[in-house]
Amino acid sequence: MSDAGKSDAAGTALVPRALVAGHGEFAIGIVSAVEQITGRGGVLVALTNSGLGADEIVRTLRDAVTSAGARVIFTDLPAGSWTIAARRVQRDRPDVVVVTGANLPALLDFVFQTHVTNDEAARHSADKGRGAMVVLGSSGGSAGGAD
Amino acid sequence: MPIELFRIDDRLIHGQVVVGWGQPLDVGFIVLVDDEVATSEWEQELYRLGVPPGMAVHFETVAEAADRFARYNGERQVGILLTKDIETMRRLATRVPQLRSINLGGLHYSAGRVQKLRYVFLSPGEEQVLRDLASCGVEVTAQDVPATRPVSLDALLEGRGA
């Protein structure tokens with residue numbers, strides 16, 4: 001888990017609002033990127049599943065929800081064990097919102113959604129993340145428009 | 001087309017199975033064998049969420065999986081059969097003689113288990129079951145994803161797998 005209790009650029013203490021749960025070092029890396037870009041540390045708590053079995057993953061997530069006080073869980077892969085675990089936690093905690101398929105634009109958006117409910121912030125960030133996926137360039141070779 | 005992979009993995013359906021093995025094998029269906037999951041609609045719905053469109057998942061008890069094995073093994077698409085523990089796979093193997101190979105994909109730490117690989121922890125009882133299966137001609141190897149080399153049971157139990 002990354003350090004909680006960090007502050008923003010103005011020195012204001014920030015409380016964790018979401019957990020980011022991913023495979024390998026995904027969560028640690030993407031949370032670091034969010035902090036670098038926004039200057040807001042401590043909003044997101046990173047979790048990794050490396051070396052954990054199914055029961056441990058659920059226990060880790062449940063403990064993190066309780067200790068961090070966050071009510072939003074971002075996971076990296078819809079088919080992943082974190083998402084399965086998040087749904088199990090959600091069964092006991094219907095106030096928890098799960099967003100799967102998290103990417104950097106989604107998390108950046110979430111961090112700045114501070115004046116809406118968790119549910120609204122999660123939905124807005126999911127829309128942002130979905131819309132940020134763009135293919136640039138083309139292998140079709142139509143550039144130039146010549147017939 | 002025969003079932004390509006008989007995997008023991010305590011996470012059951014997750015990224016390594018659906019993506020890691022699913023994509024290179026072009027898997028069309030998963031048979032999840034677990035007596036508890038097979039009788040719980042909620043558990044089944046949970047695991048269905050983890051399966052991408054175009055990949056089917058069937059939930060079976062050990063008895064049902066054994067009864068329907070020939071049908072699954074004759075499917076036109078490639079299949080993976082999953083159990084979350086060694087005992088379930090052992091029970092299935094005693095009823096399905098066509099089950100000749102077992103993949104240890106993920107058995108993580110719990111009390112009484114000793115680490116054999118980064119992703120395989122075994123209790124003495126589990127080690128014995130695997131030895132028994134091997135003595136009956138079942139090939140047991142450990143391999144979390146296709147890109148890694150399979151580790152033989154002998155190497156695994158002798159600590160030569162790392």
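Modeller: Two residues are in contact if their C-beta atoms, placed from the backbone, lie within 7 Å. By that rule, 16 residues of chain B are in contact with 14 residues of chain A. This is a predicted model, in which local features need pLDDT of at least 70 and side-chain atom pairs count only at pLDDT 80 or more, while totals for chains, interfaces and linings use all residues. Residues are numbered from 1 along each chain as its sequence is written, and chains are lettered from A and ligands numbered from 1 in the order in which they are written.

Biologist: Why is Trp21(B) called buried?

Modeller: A residue is buried if 20 or more other C-beta atoms lie within 10 Å of its own, exposed if 12 or fewer, and partly exposed in between. Trp21(B) has 23 other C-beta atoms within 10 Å, and therefore is buried. Trp21(B) is found in helix H1 of chain B. Leaving aside residues up to four places away in sequence, Trp21(B) touches Leu5(B), Gln16(B), Val27(B), Ile80(B) and Pro146(B). Trp21(B) and Val145(B) are 124 residues apart in sequence, yet their C-alpha atoms are 6.4 Å apart in space.

Biologist: What makes H5(B) and H6(B) roughly parallel to each other?

Modeller: Axes are lines fitted to C-alpha atoms, for helices over the stretch in contact, and angles run from 0 to 180 degrees between N-to-C directions. Angles under 35 degrees count as roughly parallel, over 145 as roughly antiparallel, 65 to 115 as roughly perpendicular and the rest as oblique. The axes of H5 (residues 86–95) and H6 (residues 124–135) of chain B come within 10 Å and cross at roughly 25°, and the two helices are therefore roughly parallel. Ile86(B), Glu87(B), Arg90(B) and Ala93(B) in H5(B) meet Glu126(B), Val129(B), Leu130(B) and Leu133(B) in H6(B). Five of these contact residues are nonpolar, none polar and three charged.

Biologist: How do you know that the length of H3(A) agrees with its number of residues?

Modeller: The expected span of a helix is 1.5 Å times one less than its number of residues. The 12 residues of H3(A), 81–92, should therefore span 16 Å, and the end C-alpha atoms are 17 Å apart, which agrees.

Biologist: What covers the buried residues of H3(A)?

Modeller: The buried residues of H3(A) include Trp82(A), Ile84(A) and Arg87(A). Their cover includes strands E1, E3 and E4 and helix H2 of chain A, together with H1 and H2 of chain B.

Technical notes: Helices (H or I, at least four residues) and strands (E, at least two) are DSSP runs, numbered from the N terminus. Ala, Val, Leu, Ile, Met, Phe, Trp, Tyr, Cys and Pro count as nonpolar, Asp, Glu, Lys and Arg as charged, and the others, Gly among them, as polar.
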